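Student: Could you walk me through this structure? I have not looked at it before.

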Amino acid sequence: MAILHSSPTAEEVKAAVDATLASLQGPLRELNRTIWSNPETAYEEHRAHDVICEFLEKQGFTVTRHAYGLDTSFEAISGSGGRLINFNAEYDALPGIGHACGHNLITTSSVAAFLALSAVLKQYGLPGRTQLLGTPAEENGGGKAKLIDAGAYKTVDVSLMAHAGPRELFPGVVADGVGGVRMNARKEIHCTFRGKSAHAGGNPWEGVNALDALVASYNNVAVLRQQMYPDERVHVAFLDTPKVANVIPALTRAYWQVRSPTLKGLNALMGKVRNCIEAGAMATGCEVDILENELYTDIKVNDTLCDRYQAHMGRYGRNVLAQHEKVLTGSSDIGNVSYLVPTLHTMFGITDEPGSFPHHPSFAAAAGTDTAHGEAVIVGKSLALIAWDMLTDDELFAVAQQQWRQAVED
């Protein structure tokens, strides 16, 4: 039975958080190690899904497996009444280089936060709920966007998560982390060029070259780059190209990722890239089918959540910047969530190794260390304390909500 305390002090809440996670130190480390040792790519995270669910069930939580129609998503909810605080657990890896984005540490920090907040809510008998949501396919596949469409966030009041990075996240800026990190909006363009096959040596004039259309579109985008803003990016992967040289190819396929610091900027850049693709088709006489999908929006940074993160990490002896104005040129589907509710997507430092940055093999090694695990647990404690603030301080929550509304309207 819960013990009722009307107003525990901040130090009492922190002590309860610390005690809860100290008692689970071994099992949490093993959970992290298992995910890191068995990297799985987007929508294939079956083992990670199962071991996280089994871990939570052993702690007495009811877990919905394969939640919201996604085979590798899950949901656990605890508490009753009051506001609902969401923690996002990512666990997908990258092809060929494993957990080089450290998503095993995202799971660790979010699971730790969920366990700690659940315990404190139970101990003090205060209203409030917390949701741990398994969010697959962040790297490619837009798992959170699909979860949004399925209603996973419809009753959430605040969303929290943390992502590992280097201690020097920005050139010349060394810290234990950054509370609010701006990231680019991103969308994909999939294109298929259709031409006409012919013998490349015998009668090439009768062919319509789909490879020429693809190369022309690539070169058009290359010319466009000099007019792009410094933080904008366009990347391409050729998916289907000729395998022999003596045939005019009738079909090629590619997909592009287009990034810009804001959703408005992304929409403008998408139009320009689309023109480049269509011009390549027109110049070569090909037809082109274009599909736009997998929108990752920019992240709406929330000042209140960033300030609380800085304060709570300071209580654990960590020097954290509240936020930074520079835009990281990567993207994440947590941005989509930030358009729905006040959201924190913080970065915490795990390595000082030069050149070790997410998506580099050396970062995968760093993400598996005991040091990185220890930092993820401390971050999880801080997320739990932020969640407590949002559940118990009506005035602070109202300020966070007002800041979020203003950011979405801008």
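Student: What should I know about the model before starting?

Tutor: This is a predicted model, in which local features need pLDDT of at least 70 and side-chain atom pairs count only at pLDDT 80 or more, while totals for chains, interfaces and linings use all residues. Residues are numbered from 1 along each chain as its sequence is written, and side-chain values use heavy atoms, with hydrogens and water left out.

Student: Okay, sheets then. What is the strand order in the sheet of 8 strands?

Tutor: The order is 1-2-4-3-5-14-6-13, in an open sheet with mixed pairing. Strands here are DSSP runs of E with at least two residues, helices are runs of H or I with at least four, and both are numbered from the N terminus; two strands pair if DSSP finds at least two bridges between them.

Student: Which strands stand at its edges?

Tutor: Strand 1 (63-65) and strand 13 (320-328) do, and each has a single partner strand, so one side of each is left without a neighbour in the sheet. Neighbouring strands are turned by 25 degrees against each other on average, direction ignored.

Student: How many bridges join strand 1 to strand 2?

Tutor: There are 3 bridges between strand 1 and strand 2 (residues 74-80), and the two run antiparallel. At one of these positions R65 has F74 in strand 2 as its bridge partner.

Student: Which strands does helix 11 lie across?

Tutor: Helix 11 lies across strand 3 (84-89), strand 4 (128-134), strand 5 (158-166) and strand 14 (343-351), and runs at about 160 degrees to strand 14. Angles are taken between N-to-C directions and run from 0 to 180 degrees, with axes being lines fitted to C-alpha atoms, for helices over the stretch in contact.

Student: Switching to the other sheet, what order do its 4 strands take?

Tutor: That open sheet has the order 9-11-7-12 with antiparallel pairing. Strand 9 (233-240) and strand 12 (287-296) are its edge strands, each pairing on one side only, and the twist averages 20 degrees from one strand to the next.

Student: And what joins strand 7 to strand 11?

Tutor: Strand 7 (residues 185-194) and strand 11 (residues 251-260) run antiparallel and are joined by 10 bridges, and H190 stands opposite Y255 in strand 11. Helix 6 (residues 210-224) packs on this sheet, touching strand 7, strand 9 and strand 11, and its direction makes about 15 degrees with that of strand 11. Helix 7 (residues 263-284) lies across strand 7, strand 9, strand 11 and strand 12, at about 15 degrees to strand 7.

Student: Which residues does the UniProt domain annotation cover?

Tutor: The unreviewed UniProt entry carries the annotation "domain: Peptidase M20 dimerisation" for residues 188-279, and such annotations may be inferred rather than shown by experiment. Over residues 188-279 the chain is 35% helix and 32% strand, with the end C-alpha atoms 18 Å apart.

Student: Now the helix pairs: at what angle do helix 3 and helix 4 pack?

Tutor: Helix 3 (residues 46-58) and helix 4 (residues 103-124) pack at about 20 degrees, with axes 12 Å apart. They are therefore roughly parallel, a term for angles under 35 degrees, whereas over 145 is roughly antiparallel, 65 to 115 roughly perpendicular and the rest oblique. I52, F55 and L56 in helix 3 meet T107, V111, F114 and L115 in helix 4, where contact means heavy atoms within 4.5 Å.

Student: How do the axes of helix 1 and helix 4 cross?

Tutor: Those axes come within 9 Å and cross at roughly 125 degrees, and that makes helix 1 oblique to helix 4.

Student: What about helix 1 and helix 11?

Tutor: The axes of helix 1 (residues 10-22) and helix 11 (residues 370-392) come within 10 Å and cross at roughly 140 degrees, and the two helices are therefore oblique to each other. V13, K14, V17, D18 and L21 of helix 1 make the contact with V377, K381, A384, L385 and W388 of helix 11.
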